[in-house]
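Here's a quick briefing to read with the model open beside you. Have a look at the fold, then work through the points below.

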Amino acid sequence: MADETNFSNVSFLTVSEVADVMRVSKMTVYRMIHSGEMPAVQFGRSYRVPESAVESVLQSAQQERRTGTA
């Protein structure tokens, strides 16, 4: 994520969009953000999640499912 220090190259998703992509509830996304499992930027009372962070979480979940580790 070194290239993401320049935010003009980063695509952000809303919590609702992340929930749709991951097929989980918005509350699950908020839990992941607050636990530090998913990075996010807060704008006022809203959060925006870098698209690359969602891809990373999905890839690690897929790898865990393949290897059987939790």
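What follows is a short tour, from overall layout to local details.

This is a predicted model, so to speak of local features takes a pLDDT of at least 70, side-chain atom pairs count only at pLDDT 80 or more, and totals for chains, interfaces and linings use all residues. Residues are numbered from 1 along each chain as its sequence is written, and side-chain values use heavy atoms, with hydrogens and water left out.

**Overall layout**

- The protein chain has 3 helices and 3 strands; these are DSSP runs numbered from the N terminus, with helices being H or I of at least four residues and strands being E of at least two.
- Going along the sequence, the pattern reads β-α-α-β-β-α.
- Of the 70 residues in the protein chain, 24% are buried (buried is under 20% relative accessible area, exposed is over 50%, and partly exposed is in between, using a 1.4 Å probe and protein chains only).
- Among contacts with a separation of 6 or more, 45% come from residues 24 or more positions apart (contact means heavy atoms within 4.5 Å).

**The sheet**

- The 3 strands make an open, antiparallel sheet in the order E1-E3-E2 (strands pair if DSSP finds at least two bridges between them).
- Strands E1 (12-14) and E2 (41-43) sit at the edges with a single partner strand each, so one side of each has no neighbour in the sheet.
- On average, neighbouring strands are turned by 40° against each other, direction ignored (axes are lines fitted to C-alpha atoms, for helices over the stretch in contact, and angles between N-to-C directions run from 0 to 180 degrees).
- E1 and E3 (residues 46-50) run antiparallel and are joined by 3 bridges, and Thr14 stands opposite Arg48 in E3.
- Helix H3 (residues 51-67) packs on the sheet, touching E1 and E3, and its direction makes about 65° with that of E3.

- Val29, Met32 and Ile33 are the buried residues of H2 (residues 26-35).
- They cover an arc of only 100° around the axis, which puts them on the same side of H2 (the arc is that of the directions from the helix axis to the C-beta atoms).
- These buried residues pack against helix H1 (15-22), E3 and H3.
- Arg31, His34 and Ser35 are exposed, on the face of H2 turned away from its buried side.

**The nonpolar core**

- The largest nonpolar core has 14 residues, and those with the most contacts inside it are Val18, Met22, Val29, Ile33, Met38, Val49 and Val54 (such a core is a set of buried Ala, Val, Leu, Ile, Met, Phe, Trp, Tyr and Cys residues joined through side-chain atoms within 4.5 Å).
- H1, H2, E3 and H3 each supply at least two residues of this core, with the largest share, 4 residues, coming from H1.
- Leaving aside residues up to four places away in sequence, Val18 touches Leu13, Val29, Met38, Val49 and Val54.

**The aromatic pair**

- A search of the whole structure turns up 1 aromatic pair (rings of Phe, Tyr and Trp, the last by its six-membered ring, pair if their centres lie within 6.5 Å; planes under 30 degrees apart are stacked, over 60 edge-to-face and the rest tilted).
- Tyr30 and Tyr47 form this edge-to-face pair, at 6.2 Å centre to centre and 75° between the planes.
- Tyr30 counts as partly exposed at 28% relative accessibility, while Tyr47 counts as buried at 14%.

- Arg23, in the loop between H1 and H2, has a positive phi near 60°.
- Just after H2, Gly36 takes a positive phi of about 90°.
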